[in-house]
Amino acid sequence: MREKIRVENVTKTFTVRDSTQKGAVKQFTAISNMDFAVNEGEFLTIVGPSGCGKSTLLDLLGGLSTPTKGRILLDGQEIKGPGLDRGTVFQQYALFPWKTARGNIEFGLEAKGIPKREWREQSDHYLELVGLSNFADRYPHELSGGMKQRVAIARSLAFNPDVLLMDEPFAALDAQTRETLQSELLRIWEKTKKTIIFITHGIDEAVYLGQRVVILSANPGRVKKIINIPLTHRLADADIRSNPAFVKARSEVWNYLHELEYAGQYI
């Protein structure tokens, strides 16, 4: 498989206030010597304790900040800033409240430079892809939380990015809606073959979605373990979470995180 992203010995430090000394500052290391690769078309999930640098890593991947040391490569080129080759879906929906579902998606098309005459056809395509064809003219306040997140996903896909970055996008949803959207996201991924990096606090979510799970340790964030998830036909198995392969993989991820808990890192 072709390598899409390479996180190469990345360290990120910040200057923060030193609470022990008035007026003083100190260096805080959020992530240290982080190193892993993501294959083209792979669905990679990242899980770890609070303070392991998950959001910092996503900012670096999105080009919103730069590494203090090391580098991140996308198709062999160092990421120097934001770009339309990467789309981001956040936990909060970040939709434009004055735009309809279609209007929010068309914003992505406009940003990509798609001619206006093509917007209707393409917005219809993305609305259908996320199952919202009948809600095109609804405003965000008229949509449920799950529907808002579907619009956010569709808007990011409308950029036609090579990579989709997802920062705990289902964390604020109820359990049933979350499971529904997990399955919908897998369906979209299987159809589009986008490279997806998905950050989560949930072990079950990480195992269900990811082809591989990256486990981070904290203080500072480092890659502790990368676990391959040998699940196939996830959407065809209605009770996938009872599948012995799922149970084994979940237990393995849990055990590594449990080690972090005993080490005082999982808080």
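Which residues line the largest cavity? They are V130, R150, I153, F170, L181, E184, L185 and I188. Keep in mind that this is a predicted model, where local features need pLDDT of at least 70, side-chain atom pairs count only at pLDDT 80 or more, and totals for chains, interfaces and linings use all residues. Residues are numbered from 1 along each chain as its sequence is written, and side-chain values use heavy atoms, leaving out hydrogens and water.

**The cavity**
- There's one cavity of 30 Å³ or more in the structure; a cavity here is a set of points on a 1 Å grid over the protein atoms alone where a 1.4 Å probe fits but cannot get out, and lining residues have an atom within 4 Å of a point.
- The largest cavity holds about 40 Å³ of space.
- Helix α5 (175-192) and α4 each give two or more residues to the lining, with α5 supplying the largest share, four residues.
- Sorted by class, that lining has six nonpolar, no polar and two charged residues.

**Two helices side by side**
- Helix α2 (residues 101-111) packs against helix α4 (residues 145-158) at an angle of about 25°, and their axes are 7 Å apart.
- So α2 counts as roughly parallel to α4 (that label goes to angles under 35 degrees).
- On the α2 side, the contact (heavy atoms within 4.5 Å) is made by A101, N104, I105, F107, G108 and L109, while α4 brings V151, A154, R155 and A158.
- Seven nonpolar, two polar and one charged residues make up this contact.

Notes:
Axes are lines fitted to C-alpha atoms, for helices over the stretch in contact, and angles run from 0 to 180 degrees between N-to-C directions. Angles under 35 degrees count as roughly parallel, over 145 as roughly antiparallel, 65 to 115 as roughly perpendicular and the rest as oblique. Ala, Val, Leu, Ile, Met, Phe, Trp, Tyr, Cys and Pro count as nonpolar, Asp, Glu, Lys and Arg as charged, and the others, Gly among them, as polar. On a 1 Å grid over the protein atoms alone, a cavity is a set of points where a 1.4 Å probe fits but cannot get out, and a pocket is an open set with protein on both sides within 12 Å along at least five of seven lines; lining residues have an atom within 4 Å of a point. Grid points are joined across faces, edges and corners, and a volume is the space filled by probe spheres set on the points.
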